[in-house]
Amino acid sequence: MQHIQGISRNQLKMGSLEHTITSDNPVRFIDAFVEHIDWVTIGFNPKLLQLEGIRPNYHSISNFRKDNPKDLKQLFKLFVPSLKNTELNAGETIAIDGTKSRVNNSKKANFIQKKIDYGFGRQRLPQRT
């Protein structure tokens, strides 16, 4: 597996990361969730869990997501209700990661005012004031 050598979070580098993050920071919940989850029950390979101290590159993460969709879905089914129970997420915000999307802007797929007017029988919609 390709990876980027990481730095231990307990290493002193102009102060420890553990001391930099306040005790009420939401990231502490994620850390506790990761530490207490039974990864093998969800379906993750125990060998993957022993890779502490390294950071996988984008290609390894992409392959992992592609190869483990059911396991990730199971993980999210546990994680999202946990966030709602601790009131860290009200379930109203939608976030999107940096995944690339394919876009189609062909003449048939895009809409300009002229096409919209034609679609409505050449009748213009009332203008807002």
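Colleague: Of the 129 residues of the protein chain, what percentage count as buried?
Modeller: The buried residues make up 12% of the 129 in the protein chain, where buried means under 20% relative accessible area, exposed means over 50%, and partly exposed lies in between (1.4 Å probe, protein chains only). This is a predicted model, in which local features need pLDDT of at least 70, side-chain atom pairs count only at pLDDT 80 or more, and totals for chains, interfaces and linings use all residues.

Colleague: What does the secondary structure of the protein chain come to?
Modeller: It comes to seven helices and two strands, and along the sequence they follow the pattern β-α-α-α-α-β-α-α-α. Helices (H or I, at least four residues) and strands (E, at least two) are DSSP runs, numbered from the N terminus.

Colleague: Which residues of α6 are buried, and why are they said to line one face?
Modeller: The buried residues are Asp71, Leu72, Leu75, Phe79 and Leu83. Seen down the axis of α6, these residues fall within an arc of 90°, taken from the directions from the helix axis to the C-beta atoms, so they line one face of the helix. Their cover includes α2, α3 (39-42) and α5 (58-67), whereas Lys70, Lys73, Lys77 and Asn85 are exposed on the other side of α6.

Colleague: What is Thr86 called at 39% relative accessibility?
Modeller: Thr86, in the loop between α6 and α7 (113-119), counts as partly exposed because its relative accessibility is 39%. Thr86 and Pro26 are 60 residues apart in sequence, yet 9.9 Å apart in space, C-alpha to C-alpha.

Colleague: Which residues make the nonpolar surface patch of about 210 Å²?
Modeller: Val27, Ile30 and Val34 make this patch, and Val27 is placed in helix α2 (residues 27-36). Val27 has 37% relative accessibility and therefore counts as partly exposed. Patches take residues with over 30% relative accessible area and no salt bridge, joining like charges within 9 Å and nonpolar side chains (Val, Leu, Ile, Met, Phe, Trp, Tyr) within 5 Å. A salt bridge is a side-chain nitrogen of Lys or Arg within 4 Å of a carboxyl oxygen of Asp or Glu.

How values were computed. Residues are numbered from 1 along each chain as its sequence is written. Side-chain values use heavy atoms; hydrogens and water are left out. Accessible areas come from the Shrake-Rupley method with a 1.4 Å probe; for residues, only the protein chains shown count as cover. Contact means heavy atoms within 4.5 Å.
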